Amino acid sequence: MKRRSLFAASLSLSLAMMAVGTAHAQPANSKVLRFVPHANLTVLDPIWTTAYVTRNHAYMIYDTLFTEDAKGQIKPQMVESYQVSKDEKTWTFKLRSGLEFHDGKPVTSEDVVASLKRWASRDAMGGVLATFVTGYETPDANTFKLILNQPCGIVLDAFGKASSNVPFIMPARIAATPGTEQIKEHIGSGPFVFKADEFKPGALVVYTKNAKYKSRPEAPSAMAGGRPVNFDRVEWVIIRDTQTQFNALKAGEVDIIEQPSFEQMDALKKTEGVRVENFAPAGLQFIMRFNHLHAPFNNPKIRQAAMVAMGQQAYINTQVGVPELGRLCRSMFPCGTTYSDEDTGYFTGVANPAKAKQMLAEAGYDGTPVTLMRPTDLASIAKLPLVAQQQLQAAGFKVDFQQMDWATLLARRAKKDAPAQGGWNIFLTAWTAGDITNPLSMAMLNAKGQNGWFGWQDEPRLEYLKGRFARTTEVAEKKKIASEIQRVAFETATHAPLGQYISPAAVRSNVTGMLITPGVPLLWNMKKN
Amino acid sequence: MLQFLLRRILAVLPVLFVVSLVVFLILRLAPGDPAAVIAGNSATNEDIAKIQVQLGLDRSIPVQYGIWMGNVFQGDLGFSYYLNKPVTELIAQRVEPTLSLAFGTVILALLIAVPLGTVAAWRMGGWLDRLLSGFSVAGFSVPVFVIGYLLIYLFAIRLEWLPVQGYKSISGPSAAGPWAWMRQLILPWMTLAMIYVALIARVTRASVSEALTEDYIRTARAKGISETAVLLRHALANAAVPIVTVVGIGIALLIGGVVVTETVYAIPGLGSLTVDAVLNRDFPVIQGLVLLFSVSYVLINLLVDLSYLVLDPRIRY
């Protein structure tokens, strides 16, 4: 009897303690936002890596000279005003006064120039811009000049580009770090301050409100305008397991999941106190990339046959699985963005194995196996190669299906050897729309041969047209050139667009104010009731 | 005794050397290039080559190994390629959650399994014994993540008694207090303890049941000693050696990383650090972790061996 009483007393005490603990944990602090990013934040330098999670982290703590508004137009952010000389070779920018880094030092034109130089050493578009730049001048602490060797039509596009690598502004002493080395301090002038002392890699990233942040007076509009911060503290909680993310959101332990799995969409919609919010309507695009160096895809006719064999719907169905989140889009530039153009000639995005077979026969395909790589550990694209294998085989290709982890795939795709000697023929991946809205930022349109992007297409026409695009300042003319670039890209079958999809966030109902962006989850302007 | 200790400690050095060399070679010869991972989707071969130079991966493998070993002898395990932080600091951050998980699990499992196994052996064939057999089958066969999700659903979602995920430190500047620490770990302990209860209870049952057939037990009973004393002082004490061995192995395995449990409960332990490092080919971190695991395995084995001296006076080294 005594033992039973003791047991009952212990149990009651334990339950009471649990209840007390719960009482402490349950009430969500309206001044703390807990956000689950789509990946673990490992690298903190947004110039050293193109990882989206690092870019998103950088938007928390750094500011940019220009950025995109909700209409996709480039608007000044740190810049107060700018002027272009009559010969269009000198751009003069004036910074907003009172901008300050988190260490209390003012943002100066020297900081801006150092940051731009480091960014241009790593970013593709920055690299193109650098070919126009003869120098920078800093007549005073708030003014800098960009001196060009000829008129250039991408200055604002480059300074205002929303996706990796973004020209974030850092203190000059930090930006002096070579682009091939990681920075060691993380000091920006953005709306949040990174708490290095509370950073626990793989578990927690903490930011506090930058009380000295000088927000623009305009209303927030996508990445542009004011950046009102309504939280004292933002915590990025790293949760790898999607089911645990879901459970944590349901229990109110976190407020936002940036990228819940597609399999959970139905359950999320039915969960009380949670909503699904599409903050990036342009979404992402699946693509298939050919290796232009080796047979059979060193023959453009065979590449075209492979593209005719591709049907976008199957990719959307298999990888996304939620019909309303997918979208067929033939354009290489994502549908809904400035340069999208669905005049794509022979490429319909609908699988036509019979026609592909005929094209293969005409091209003289000799049965050379196609080495297709599949990253088994990257759930967001792991199913794509399965579809590609099926569609290629249906068209008469012989497929050598190679499964590996993502790190191995990344190393293998950098190899120029023949497929039989450890090289490859095809890989598939996904790009955020923001990265491929422009011919200069789209890696697949890099056609510099051996010095180009993986696949190493050598197509001088594309490089010439991109040069024209960069020099042109008229928007209408740029659109024409972009369409011409796409026509040549389809003709030479640079890569195959395999469908567009959106990846909405899951948000607690009491959290409001999420801004629509080109793919970056912005945590300013949000409120928690 | 002292000689034994010295011999064992000295024997660790060649083991560590061989392990470090093998791991180093496997990592360098395996497919996958950290520079390609770091360079990202938009990179070109030239970008990757620059990063290889910066990381020192362009040097020959013997030179890379020599540099690394030289630094290890000075207590420097190098820097993570990604986090740009010393490997020692990264490991130090992860040791507390892993040790909390490992020792908590083993203590909970011991508290349940040893009495359960002892009583099952004492009443072999009885309902408790049959229950233990059934539980052991379940404990071994139900995947850890299934147990984890079920416990989360019951205790965190339905009853709202415990948190779904996360870890709160018990030490250091961000310490949240013992109760906050414990609340985060109750479900992970329960999840992991299932398999260890099954394992330790089975071993205890087998060892105690064997001990109960020995002559000294019959003698003890003939002397009129109480059944409890027979069980605890004679049967269990003599059955302790295999139990301690299993517990030692259990702790070593738990320190080596319980990736699934860490993932289900979002606990930032050594297991998830190892997986991340392997997937990203973060060589310095993998090498540091393997060294740590090797040292901890050797030390735990040594402690287990030493414990035999206490548990069984007949054993001498």
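Helices here are DSSP runs of H or I with at least four residues, and strands are E runs of at least two, both numbered from the N terminus. By that rule, B:Glu210 lies in helix α8 of chain B, residues 178–211. This is a predicted model: local features need pLDDT of at least 70, side-chain atom pairs count only at pLDDT 80 or more, and totals for chains, interfaces and linings use all residues. Residues are numbered from 1 along each chain as its sequence is written.

**The interface**

- 57 residues of chain A touch 46 residues of chain B, where contact means heavy atoms within 4.5 Å.
- The two chains bury about 4300 Å² between them, 55% of it on carbon and sulfur atoms. Buried area is the accessible area (1.4 Å probe) that two parts lose on being put together, summed over both.

**Salt bridges**

- The rule finds two salt bridges across the interface of chain A and chain B. Each needs a side-chain nitrogen of Lys or Arg within 4 Å of a carboxyl oxygen of Asp or Glu.
- B:Arg281 pairs in this way with A:Asp405, and their closest N and O atoms are 2.9 Å apart.

**The chain A side**

- Elements giving two or more residues to the side that touches chain B are α1 (2–25), α7 (242–250), α13 (406–413) and β19 (426–432) of chain A.
- α1(A) gives the most, with six residues.

**B:Glu210**

- B:Glu210 is exposed, with a relative accessible area of 54%. Exposed means over 50%, buried under 20%, and partly exposed in between (1.4 Å probe, protein chains only).
- B:Glu210 and B:Leu311 are 101 residues apart in sequence and 17 Å apart in space, C-alpha to C-alpha.

Methods
Chains lettered and ligands numbered in written order. Heavy atoms only, no water.
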